[in-house]
Amino acid sequence: GVFSAAIAESYIRKISNNDAYNDVIVDILPSDYVSLSKITKKDINKWQKEYDYIIMTDISFSDSDKMKYMFSKFGNNFIWIDHHMPAIKSSFAGGYDIVPGERDNKHSAILLAFKYFYDQFNEYNVKLFRILSAWDSFTYEQEGYTLKYVRDVNKGATEKYMLNYTDVYEFVDTYINKWLFDKSNRDFKTLDSFIVHELESIGHDYNAYDDRRNENIVNNEGDMSWTVNGRPACALFLHGATNSLMFRSVADKVRNGIVFKHKPDGNWVMSLYNTNVDDKFHCGEYLKEKYSGGGHSGAAGCTLSQDKFIELLTSKSI
């Protein structure tokens, strides 16, 4: 979401150099499914008075009626970029699949945003964005990479920029400027490869540490008595970034990994993972249906109230 938003803003800032757009104002609204659920139709009406365009990237309202209402108010000035299949399916069922933007589950919002704003002919000759996309959408084989490679580059980008929007925007804007100026020549490809190599080196060391730490946490603290839709699962209660790979040491014993994180507002975030990459169970669709969450086939999330969390804690069943 951070990188795709930065791609969108970089494009807006570039066209704002024209006299007709010299007073452009861009507001950023970092969101998750819970914060979006609190936005009402009155808020959307207010936005209509304040903004010419709404760009929603890497997320959507779980409530299809709100998506349709947004489209009815902004029309083609509502742009939606997403790669979460449950949300994409809902758009067809709800009749708002014609909202402008880019949506598919084979590329992440990073590459979809880049395509929509800069690369309509699908050149995709931006190695870094392709790698980050391949990790987020778990399509590394499609892009010709290994899982370890895309994971290390992604980790390096996360650690270097800490998902700080200002830092990410400055990097993305500079990167795209280089691409626009020299995309067909050797200089940009050399720079692109240098950036990727640097991030891979950073990510390799962090991931090696995380793997040792996560294996110890799962083996010593993982609660193996949970189930997900009747499937054996392992639950953890911790903070920080998580992913499906942290459950590798118990992948032969459980089919899902669960992580609970307590939030300052009293709610709980639940992340759900498949422990086997070939598993056909769709975590995103399951959490969307059961808990108004969403995500990908192998990795998804939702937010739970304290009461709902206690209910799950008692049953140990998701």
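At what angle do helix α7 and α11 pack, and how far apart are their axes? Keep that in mind while reading these notes, and remember that this is a predicted model.

1. Helix α7, residues 127-136, packs with α11 at an angle of about 40 degrees, and their axes are 8 Å apart. That angle makes α7 oblique to α11, because angles under 35 degrees would count as roughly parallel and those from 65 to 115 as roughly perpendicular.

2. Who does the touching? On the α7 side, the contact uses K127, L128 and I131, while α11 brings D192, S193, I195, V196 and L199.

3. Six strands form an open sheet with mixed pairing, in the order β4-β5-β6-β7-β9-β8. The edges belong to β4 (223-228) and β8 (294-295); each has a single partner strand, so one side of each has no neighbour in the sheet.

4. Zoom in on one pair of strands. β5 (residues 231-237) runs parallel to β6 (residues 256-262), and five bridges link them. Look for F237, which sits opposite F260 in β6.

5. Two helices pack on this sheet. Helix α11, residues 186-221, touches β4 and β5, and its direction makes about 110 degrees with that of β5. Helix α13, residues 306-315, touches β4, β5, β6, β7 (268-274) and β9 (299-304), with its direction at about 120 degrees to that of β9.

Methods. Residues numbered from 1 in each chain as written. Predicted model: local features only at pLDDT ≥ 70, side-chain atom pairs only at ≥ 80, totals over all residues. Heavy atoms only, no water. Pairing = 2+ DSSP bridges. Helix = DSSP H or I, 4+ residues; strand = E, 2+ residues; numbered from the N terminus. Contact = heavy atoms within 4.5 Å. Axes fitted to C-alpha atoms, helices over the stretch in contact; angles between N-to-C directions. Parallel < 35°, antiparallel > 145°, perpendicular 65-115°, else oblique.
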